[in-house]
Structure formats: C-alpha cells, structure tokens
Amino acid sequence: MSSEHTPLLGPGVCGLAVGMAAACGGAQDAEAPESGSTNANAGKKESRKLDTFFGVMVPTILSMFSIVLFLRTGFVVGHAGLFHGLLMLLVAYTIISLTILSICAISTNGAIKGGGAYYMISRSLGPEFGGSIGLMFFLAKVCACGVYVLGLVEAILNVFGIDPDTNVSAGVRVLPQGYWFNVLYSAVVLLLCLLVCLVGAHIYARTAFVILLVVNVTLLSILVSPLVVHAQDFNITHRGPDNRTLRYDVKYTGFTGYTLDYSTNSVMSFATVFAVMFTSCTGIMAGANLSGTIMAVLYTFVVYVLLFLLVSVTCDRGLLTQDYGFFQRINIWPPFVTIGIYCAALSAAMSSMIGASRILHALALNTVAGLVTVFYLLAYAAVDLACLALEWASAPNFRPTFQLFSWHTCLLGMLSCLVMMFVINPVYSSASIIVRKYLLMLDVRKDHVKFWRPQVLLMVANPRSSAQLILFVNQLKKGGLFVLGHVQLGDLDSFPSDPVQQQYNFWLSLVDKLGVKAFVDLTLSPSVRQGTQHLLRITGLGGMKPNTLVLGFYDSCTPDDYFLQDPAFCPALAGSKAEQQQQQQQQQQDDNAAAGDDNYNFGVDLPSLQAHFPPVRHVESPRWLSPEEYVGIVADAIKMDKNVCLGRYFFELRGEGCDGGDGAERTIDVWPLDLLQPGPRRRRGRNRVDVCSLFLLQMACVLNMSSRWRRARMRIFLNVEAASGEQGWALNEETFRELLRKLRIRAAITIVPWDAAVQLYRACVGGPEEDEDEEGEEEEEEEEEEEEEQPVGATPPPHALSEDFLSAVNGLLMEHSAQAAVRFLYLPRPPAHYSQSQQYLSQLEAVTNRLGPTLLIHGVTPVTCTDF
C-alpha cells in the first residue's frame, strides 16, 4: 500500500551480521543506514512504557465506566426491567467478546501502530475500507466528546444550579440555568479539556489510575448503601408539555411495558434502551492486549450485573424512570456519586480528544446514543470482518500467537453487530453503510508484503515420477495460484495442428485423480528453457502470476512410478480402502453417464491416461535437458525476479495422499544458512541471514500451516564455529530466536558446530584464518557488499570445493536430519559462467546425497512482515 512505508524487518531484528539492512530486502528510509543501531536501541526502550494493568486495564475500565454507570443504570433497569436489562447486557457483552477475539488475533499478528481500529482495518482490508470506517469513528469521537461535556454540565447543574421552578439562589445552588448558560458552561469545560490535551496528554495518563480509584470508591459506596440507607420517599418534579409541572411520588424501598422518558418525552423501547446501554460496553480497544482486555471486560460485566440486581430489588420503578441520577439520593454520602460523575465525565471527554482509549458515550442526551452506537457497532463489525478475511484468505503472514478464535467467532461477531445496528436505528445504519460505499471508491490499495502468498509454477516432465512433488507443492501453495507446466519439444511448423491442445484433457484428468487444486499450462517450444521462460511470462492472470518456480532435481537416480503405487491409477492394488475408492469412483461414473455428462473425467479413461504418460526414466534413458540448460532455467527465473525451488527425492515422500493425516509424527528441518559458503558469510560466530534465508523460513512455515502438516514439528539448525566460544553460540541462538518471535514462527533451534567442515572449506578455497586483523575483516565485508550489488547471474564462478568438504556437509545433514520428513536447504545462486553448471549441480548433488525429500530454495523477494 502506498501509505505503508515502515521497514518490514528492522536492523535490530535481522542484525545477525553486518549489512542486514540490505539483507532484509525491504525499502529502507534514507536515514536508516546511519541510525540503524540507534533506532534499534530506541525501539527496545520505547517498546513498552506501561504494563498490562496501567496500559490496558485502567484505560479500558475507565472507557467502560463513564457517567453511564452513574446516570443511566436506573434508566435501563427502570424502563426495561431486570430480565430485559440482563438480556441486553448479555447481548452487548457477547458482541464485544467476539470482537475481542478478533482484536486479539489481529494485534498478536505483528506490531500495531497508532490508530487502533483504523490501523487494524486499513492494514487488513485496505485504506479505502479503513478510511470509511475511520471517518465515522472520528465523527463518533467528536460527538461523544460533546455529549460527555453536556453530561458533565447536567451533573454540575443538578448540584449547583438554581432551582428552575423558583429561580432563586439557595445554599450552593448559585449557578443560573438556561440554554445559553449551558452553552457557556460547556464551552468552559471543553476549553479546560483542550488545555490539558495541549499542555500534555501524559497528564491524563498519569492521573488515570487515580480517577479509577475514585470511580471504584464511588461504586463501593453505591453497593454498600442499600445495606445502610433505610427506605425513603422522594418527590420529583419535571417540566412537561405546555409548561406544566409534573410531580412524582417515588420510593426507595430497600430490599423489597416501557414508559415515557422524561428527558426526551418519548416512549422507550428495547432498541432505544439497548442503544443507551450498549454505550457502556464500548472501550474495548483502549488496549489490544489479551489478558488485560479480557480482565477489564469481566470486571465491568460483574459490576453492571451487580448494579442491575441491586437496583431492581431495592428501588421503585418510578424512582428509576423519573430520576436517572437517583444514586445521589440513596448513597451513604451523596458527594461520593457527584465526585465519581465529575471524574468519569472529565476522563471520558479528555480521552475523546486525546484518542488514548475508545470512547464511552455519555448519555446525557439519549437522542445521540443511537447514532454513536451505530458507528461503534459498524467499527466492531469491520474489525470482525478484517479478521474473518485474513482467516478465510489463509494469508501466510497471518500467524497470530493468539489462537482462541476461528472464522465462526469472527462471522458471528460481525453478524451480531450488523443485526443490532438495524435494530437500533435502520436509518442511521443505512446512512453509515452508504458513506462507506462511496469512500470505497477511493480504492488505491496496492500489493503489500503481508498479503504475499506462494504463486507456484511447477514444471513437470513426467507425472509418473513427479506425482509426490505435485501433491507436496499443493500443500505448499497456501491457497495461492498453482500451475502445472509442461514443455513439449518441437516446432509448430512441423505439425499439421497444435499438438499441445490434444494433451490438455489428459493433464486435467491427472489433476482430478490426484485431487489437487491446480491449473494446467502447456507450451510447444524448441527447448525446455525457452518454454519455461514463456510459461513464467504468460501464465496466470492479473495479480495471479507465478512468483515461484519449482523444478525437479537434475540427477541420474531412478524414481519410483507413482502410477503403480496409488489405487486411483492402479485398480489391481489390494486393500479394502482401495476397493472402496474404486467403488465410489465407479458409482460416480455411472451416475454421470446416466445423466448424459460426456465431459466427466475430461473424456479420458484410466487405460488411456496411463498410456499417455511414458514410463519413468532409467539410467540409460536419453536426456532431453542438458546440465547447462537446467542451470540456465534457474538463472533465468532469478533474473525474472522469481523464487526458485529444486525438489529432490520427493518420490520417497509418504503420507501426501488423501489420507495423509495432519503430520503429527513428522518433522520439518530447516537449514537457513548457505552451507556451501561458510567463510565470508559466517565469521567469528556471526551468522548471515539474507532475503533467501527469510524466504526459506517463510516457506517452511507455510508448509507447517497446511492441513496435512499442521502438527508437524519444525526444527531450525544454525551452523556455528566453536572458535566463537560458548558466548557466541548463545548470542546466535538468542538473536535468531528473537527473529522467529518477530516473524511469529514456532520452531526449535539447534546449534550445530561445524569447525571441521569450515577448515576443509578454507583449505580448498584459501579463506581467511580466525586470527586475521580488523582491517582484513573490513576488506572482506566490503567485498561481500560489492558481490551483493552485482546483478543476478553475474556472480563469479563457484570455487572448486573438495569432495571432503562436500562429504562433511552431507554428513552433518545426515546426522541431524536423517529422520526428517522433509528438509529445506539454502540454494546458492547459480554461476554466471555456464561452463560451471556441471560443477554447480555436482556440488548440490553431493550435499543432498541420500538425504530423502529435500527442497533447495533460493528466494529473491521479501515475503516476511513484522508490522501488521
């Protein structure tokens, strides 16, 4: 998105070695190289100023305990009754509880910057959606601030205002009343709040805990009063229609249909009372923290239930409906309630201007409650929608540490908010949605790394030997584009018609029998390399273009024939499960044939499908692809800014069929560092993590999130030299663990010493020794930077690595990853000189010899995100 300019991974996170700002691959600010360490240190100092209690619970409770608690509890219970009042509480707290689950999921999926709900919504659904909700949220905050001030003025005049009936000063009642006097008092209060905000918002933050103590003391006095204060009679007067004075004799009894609201002269209903009551349940975004928010919500819920029960059994209905400030009359010491109202109202007004917490609407003006409540419900619905969209889209970077949510809770929360919006006021709800609709026309959303997902083009020569790799990549695509590509060698001039078109039905039938969600794209080309270039350029549509190329490994081993192992391709296989599958398929074929569906299975029967694809190759089979051409395909893909994966030994992979389970007994091993360059890439215990390493981690995490691998264990192996000392090892592990925490990746880290392999490497390439001076280190680092700045494919020829070194690296892999289900290894960049292609492939073959299913990965695009 155009407005998202923050670095994806700060230098403090990736700084396992010098030059990590460039290694992270994201666009950095101009001053980043000079202030990288300073920013990192500042981030550590400013990352958390307040703990859970003061930073989350206090502002959330204050936002949910505004003057509504003191001036509208009687309104709710008096008009709705105890049963309906508790029902309203249950509905309201169900809505905010479901929204809290979405908030916790989004807020634990990366750093949340300023903006609260707007930040969450805009970063999930785009700025046009977030802007529409943010505008209404802003209007709600503005209205709420004014309503708070009016509510405070009303409370002040109830104590200090001159009696409007007599218009005579008496005692402390010295303030004149009237419309313009109310405007004057409101302006003074609003100016006071503005001055506090201008002088420093930290003043409010520092006094929030004191305000909370005052409010809780007031609550305690209210809860204790029915046990101490005896029954009382009150005479209440209101100015009614035609300037008549209405008098009510009401009782406070102690433990012994909706009516007219005296403040609006209108009959209340469930919707109007709920609109007033729900405003006491907002404020949940004051702190997006799991434990603090939930505790604050539980605390306020218990307080409201106690007050509802207490008021319903001790107060006459007339008292509740005719005097919303009755708590002052029946308190042990009436000033307690007055002080609580003043503190809560000022706190709410200032928080509206500061934006430190979500606003709890003061309901001194009941007519505004419906509008503001609709705005809040729409914002909460948008938060639920944002979480639902991320969950349904299965974005690889959506990995919240909070797991107690699902798409069911998101959907239920969103629907609940929308239903209650229209119950409260259909007109306001329709208008707010119309505003959002027109703001959506400001669609300037662009691709962002947090929405990245694998879009895979898998080149298949023969599906008989590649079926297991096809099934594996189907798990790796994470809901993205998956295309099976195939190149038929030839020239169209030598054919009477296009031979590719005749093959599509066979490939589509293959996809159907394998049970994968993939497209098929075939091409005719004089060479496999040119055909692969064509497919990389033209495959896909719009934003759905391949960003990752997957190839089988170039070696001489003889793979297994998958068509002889799967019952879907070989009906002769014994077993009840195979027989059941065949019976189901036969029954489906019969049903479709009876319905006259001639296109079932694309018109290809099983014998024709088996005959179309040739047998698997063997040692003496002719090669249609030379080593130079194969390495050229890899280099071409990197030049085209495509990530490359090479899969070896995947014909040995088991458990990728329809009954593959969830991978509970399998492990995923990740070796994120370049094993073929231990010298300049890794020195004095410092490991080098670049874009390729981060891409490798992301792909392993994506596999771990898939349905058949979600319970597999992920292990990450870091190679270190013992010469760095135990302290260096610990530093490596701790730094890398911090990186995984930022990326929300759960994995076990294992430190692997490999001094013997490093010595063999230095012996064959003449690398630097451990005791070289600081000047030598700086020169080598400069050489590394120059190497990185070279264009793709312009790297110097690879060193002639000795067989002893390659065997030592292979031995390390065999020692630690022999039992893994699949391994992810760093794929070095191919050489620029194609004469070195055979040497390059020989090195890869030696390192991965006898390992089992292995994926060598070279990533060129940043795919990780630490900010939500």
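I started with Tyr-649, which is buried at a relative accessible area of 10% (buried is under 20%, exposed over 50%, partly exposed in between, with a 1.4 Å probe and protein chains only). I then noted its phi, near 65°, a positive value in a residue other than glycine. Tyr-649 sits in the loop between strand S9 (643-648) and strand S10 (667-671); helices (H or I, at least four residues) and strands (E, at least two) are DSSP runs numbered from the N terminus.

For the record, this is a predicted model, where local features need pLDDT of at least 70 and side-chain atom pairs count only at pLDDT 80 or more, while totals for chains, interfaces and linings use all residues. Residues are numbered from 1 along each chain as its sequence is written, and side-chain values use heavy atoms, with hydrogens and water left out.

Next I went to Arg-744, which also is not a glycine and has a positive phi of about 55°. I found Arg-744 in the loop between helix H26 (725-743) and strand S12 (748-753). Buried or exposed, I asked of Arg-744? It counts as buried, at 9% relative accessibility.

Gln-488 was my next stop, in strand S6 (residues 482-489). Gln-488 counts as buried too, at 18% relative accessibility. What does Gln-488 touch, leaving out residues up to four places away in sequence? I listed Phe-495, Pro-499, Val-500, Gln-503, Thr-523, Leu-524 and Ser-525 (contact means heavy atoms within 4.5 Å).

Then the helix pairs. I looked up H19 (residues 463-476) and H20 (residues 504-514), whose axes come within 11 Å and cross at roughly 50°. Axes here are lines fitted to C-alpha atoms, for helices over the stretch in contact, with angles from 0 to 180 degrees between N-to-C directions. H19 and H20 are therefore oblique to each other (under 35 degrees is roughly parallel, over 145 roughly antiparallel, 65 to 115 roughly perpendicular, the rest oblique). H19 passes H20 in a right-handed crossing (near helix turned clockwise from the far one by less than a right angle; anticlockwise is left-handed). On the H19 side I have Pro-463, Ala-467, Ile-470 and Leu-471, meeting Trp-507, Leu-510 and Leu-514 in H20.

I did likewise for H27 (residues 755-765) and H29 (residues 803-817): their axes come within 9 Å and cross at roughly 160°. H27 and H29 are therefore roughly antiparallel, and their crossing is left-handed. Ala-757, Leu-760 and Tyr-761 of H27 make the contact with Asp-804, Phe-805 and Ala-808 of H29.

On to the cores. The largest nonpolar core has 95 residues, and Met-277 and Phe-278 have the most contacts inside it. Such a core is a set of buried Ala, Val, Leu, Ile, Met, Phe, Trp, Tyr and Cys residues joined through side-chain atoms within 4.5 Å. Helix H6 (residues 73-107) gives this core its largest share, 16 residues. I checked Phe-278: not counting residues up to four places away in sequence, it touches Ala-92, Ile-95, Ile-96, Thr-373, Leu-377 and Tyr-380. Apart from that core I noted another, of 70 residues, including Leu-484, Leu-609, Val-670 and Ile-749.

Last, the totals. I counted 30 helices and 14 strands in the protein chain. Of its 868 residues, 53% are buried. Its accessible surface (Shrake-Rupley, 1.4 Å probe) comes to about 37,900 Å², with 59% belonging to carbon and sulfur atoms.
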